[in-house]
Amino acid sequence: MNDFLAILRDHGMLLLVGQYPNGPLGGLAITFALAVLGIALAFPLGVLLALARISPFAVLRWPATVLVYVVRGVPLLMFIFWVYFFLPMLIGRPVGGFATMLATLVIYEAAYLSEVVRGGIEGLSKGQMEGARAVGLSHMQAMRLVILPQALYNMIPAMLGQFVSTIKETSLGYVITVNELTFAANQVNSALMTKPFQVFVLLAVIYFILCFSLTQLARHLERRIATRRAGPPAVSAFRPAHPVPVPAE
């Protein structure tokens, strides 16, 4: 235990923010930045892919389906290397590790979020769309004003769960020298040389506390959403909602 406390005391700031303010930002701060930006930028792309996947037009549905299946069928580590070598060729100039990892996460998470969004849309009853069309809304208006708001509200726990997965996936950024939490732990291990077990156990504990807390939050939100969808409890037909006063004799 003393070793763990000593590592936190001597290298806690390196794990938290890297070498900042005397150097580049890193550690847990970069892990969070990658996860938040990755999910935020992937979400609109995921919605577009989901709408294309359920579109009646094959020219939209088939390319979106191929893209989702290809991305989900490739290991993230291999996808990181693809982006790392292909993106500089595409734009004609070198790309840093942070930008490479962020671009990878945006494409990768968009494919997974599209399936979450598609499941949320298809989980609603068909009467929602039929009712919206009956009052004169077009298909896109009904999707934007009626279907998507309900589906996205129901998907909040699943999206938070995907955010937890993204936090863990950022740890692969160390292979392209992204200065995130795992890379910072490697720096601590290189400085100490004699305590790799303690360093990486501490790293695992940090990831566990962070991800477990967010998972519990997702479960809490899921219960609240399920309660709100269920509505107030029904009043029994044989028991009045309020006590009936008995007239005094």
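Is Arg 118 buried, partly exposed or exposed, and what is its relative accessible area? I looked this up in the predicted model and found Arg 118 partly exposed, with a relative accessible area of 21%.

**Entry 1: salt bridges**

I listed the salt bridges next, and the structure holds four of them. Arg 118 pairs with Glu 115, with the closest N and O atoms 2.8 Å apart. Both residues lie in helix α5, three residues apart, which is about one turn of the helix. Arg 118 also forms a salt bridge with Glu 122, where the closest N and O atoms are 3.5 Å apart. Glu 122 and Arg 118 are four residues apart in helix α5, again about one helical turn. I noted the general rule beside this: an α-helix has 3.6 residues a turn, so residues three or four places apart point the same way. Salt bridges that share partners join Arg 53, Arg 72, Glu 115, Arg 118 and Glu 122 into one network.

I then followed Glu 115 to Arg 72. These two form a salt bridge, and their closest N and O atoms are 3.6 Å apart. Arg 72 sits in helix α3 (residues 58–72) and Glu 115 in helix α5 (residues 97–122), so this pair ties together parts that are 43 residues apart in sequence. I checked the cover on both: Glu 115 is buried at a relative accessible area of 17%, whereas Arg 72 is partly exposed at 39%.

**Entry 2: nonpolar cores**

I looked up the largest nonpolar core, which has 44 residues. Leu 15, Val 117, Ile 121, Phe 163, Ile 167 and Leu 214 touch the most other members. I took Ile 121 as an example. Leaving out residues up to four places away in sequence, Ile 121 touches Leu 51, Ile 54, Met 143, Ile 147, Leu 148 and Ala 151. There is also a second, separate core of 18 residues, and Leu 34, Ile 80, Met 101 and Ile 176 are among its members.

**Entry 3: helix α8**

Two residues from the core list, Phe 163 and Ile 167, are also among the buried residues of α8. I wrote down the others too: Pro 157, Met 159, Leu 160, Gln 162, Val 164, Thr 166 and Glu 169 are buried. Helix α8 covers residues 156–169, which is 14 residues. From its first C-alpha to its last, α8 reaches 20 Å, close to the 20 Å expected at 1.5 Å a residue.

**Entry 4: Leu 49**

What does Leu 49 touch, not counting residues up to four places away in sequence? I found Ala 64, Leu 67, Val 68, Ala 110, Ala 111 and Ser 114. Leu 49 lies in helix α2 (residues 28–53). Its relative accessibility is 10%, so Leu 49 counts as buried.

**Entry 5: a surface patch**

Last, I turned to the surface. Leu 77, Phe 81, Tyr 84, Phe 85, Tyr 174 and Val 175 form a nonpolar patch there. Together they have about 510 Å² of accessible area. I looked at Phe 85 separately. Phe 85 is placed in helix α4 (residues 76–91), and with a relative accessible area of 55% Phe 85 is exposed.

Definitions and conventions
Residues are numbered from 1 along each chain as its sequence is written. This is a predicted model: local features need pLDDT of at least 70, side-chain atom pairs count only at pLDDT 80 or more; totals for chains, interfaces and linings use all residues. Side-chain values use heavy atoms; hydrogens and water are left out. Patches are made of residues with over 30% relative accessible area and no salt bridge: like charges are joined within 9 Å, nonpolar side chains (Val, Leu, Ile, Met, Phe, Trp, Tyr) within 5 Å. Accessible areas come from the Shrake-Rupley method with a 1.4 Å probe; for residues, only the protein chains shown count as cover. A salt bridge is a side-chain nitrogen of Lys or Arg within 4 Å of a carboxyl oxygen of Asp or Glu. Helices (H or I, at least four residues) and strands (E, at least two) are DSSP runs, numbered from the N terminus. Buried means under 20% relative accessible area, exposed over 50%, partly exposed in between (1.4 Å probe, protein chains only). The expected span of a helix is 1.5 Å times one less than its number of residues. A nonpolar core is a set of buried Ala, Val, Leu, Ile, Met, Phe, Trp, Tyr and Cys residues joined through side-chain atoms within 4.5 Å. Contact means heavy atoms within 4.5 Å.
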